[in-house]
Amino acid sequence: MTITAAMSVQVAAVLPLFLFGGLAVQISDELGMGVSAIGLISGLYFAVSALTTVPSGRLVDRFGALVTARVAVGLSATALLGVAGFAHHPAALTAFLVLCAPANGLGQLASNTVLTEWAPEGRRGSCSAPSRRRCRCASCSAGSASRSWR
């Protein structure tokens with residue numbers, strides 16, 4: 001159960017970007033964006049995610065993994081709802097994706113902390129390996145939403 005919860009947090013934290021990438025063709029058609037704009041938005045997401053990783057680690061240490069995991073999932077959910085309801089312009093889409101970028105690092109650090117505290121010392125590698133499949137899980141989720149990007 002703990003491994004499943006940790007994977008779920010990691011998938012939820014990165015899902016907005018994977019949905020954006022998986023639905024980029026539909027989004028670019030509707031919002032009039034080119035390939036370079038899609039790459040720029042993705043790059044901004046990862047840049048903000050990288051810049052906020054160290055402060056995210058401090059938050060996980062201070063408030064605990066469960067609280068910060070909830071915050072990460074909440075940020076992602078808020079961004080997804082914002083994109084679905086209000087992203088009628090590339091700037092709004094960019095703002096929502098950048099807003100949820102800290103959730104990527106926060107969710108990864110929180111779930112890794114939970115796994116490290118939960119797993120016995122000799123089994124930590126086998127417990128954290130399934131959580132590394134989060135990108136594949138998020139990609140499959142993004143690919144399954146191919147009818148309409150909203």
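Residues are numbered from 1 along each chain as its sequence is written, and side-chain values use heavy atoms, with hydrogens and water left out. Because the model is predicted, local features need pLDDT of at least 70 and side-chain atom pairs count only at pLDDT 80 or more, while totals for chains, interfaces and linings use all residues.

The protein contains eight helices and zero strands, where helices (H or I, at least four residues) and strands (E, at least two) are DSSP runs numbered from the N terminus. Its elements accordingly read α-α-α-α-α-α-α-α from the N terminus on. Of its 150 residues, 40% count as buried; buried means under 20% relative accessible area, exposed over 50%, and partly exposed in between, with a 1.4 Å probe and protein chains only.

Axes here are lines fitted to C-alpha atoms, for helices over the stretch in contact, and angles run from 0 to 180 degrees between N-to-C directions. Angles under 35 degrees count as roughly parallel, over 145 as roughly antiparallel, 65 to 115 as roughly perpendicular and the rest as oblique. The axes of helix H1 (residues 2–22) and helix H2 (residues 24–31) come within 5 Å and cross at roughly 75°, which means that H1 is roughly perpendicular to H2. On the H1 side, the contact is made by Phe20, Gly21 and Gly22, and on the H2 side by Ala24, Gln26 and Ile27. These residues divide into three nonpolar, three polar and no charged, given that Ala, Val, Leu, Ile, Met, Phe, Trp, Tyr, Cys and Pro count as nonpolar, Asp, Glu, Lys and Arg as charged, and the others, Gly among them, as polar.

The axes of H1 and H3, in turn, come within 11 Å and cross at roughly 170°, so the two helices are roughly antiparallel to each other. Here Ala13, Val14, Leu17 and Phe20 of H1 meet Ile38, Ile41, Ser42, Tyr45 and Phe46 of H3. By class, this contact comprises eight nonpolar residues, one polar and no charged.

Between H2 and helix H3 (35–51), the loop includes Gly34, which counts as partly exposed at 35% relative accessibility. Gly34 and Ala24 are ten residues apart in sequence, and their C-alpha atoms are 9.6 Å apart in space.

Attention now turns to the interior. In soluble globular proteins, nonpolar side chains tend to be buried together. A nonpolar core is a set of buried Ala, Val, Leu, Ile, Met, Phe, Trp, Tyr and Cys residues joined through side-chain atoms within 4.5 Å. The largest such core has 19 residues, of which Phe20, Ile27, Met33, Ile41, Tyr45, Leu93 and Leu97 touch the most other members. At least two residues come from each of H1, H2, H3, H5 and H6, and H6 gives the most, with five. A second, separate core of eight residues includes Ala69, Ala72, Ala103 and Ala110.

Ile41 touches Phe20, Met33, Pro90, Leu93, Thr94 and Leu97, not counting residues up to four places away in sequence. With the same exclusion of sequence neighbours up to four places away, Thr94 touches Ile41 and Leu44. Ala92 also lies in helix H6, but is partly exposed at a relative accessible area of 21%. Leaving aside neighbours within four places in sequence, Ala92 is in contact with Phe86 and Ala87.

Helix H4 (residues 53–63) shows a sided arrangement. Its buried residues are Ser56, Gly57 and Val60. Seen down the axis of H4, they fall within an arc of 105° and so line one face of the helix, the arc being that of the directions from the helix axis to the C-beta atoms. These buried residues pack against helix H5 (65–86) and H6. The face turned away from the buried side carries the exposed residues Val54, Arg58, Asp61 and Arg62. Just after H4, Gly64 takes a positive phi of about 95°.

Terms used: Contact = heavy atoms within 4.5 Å.
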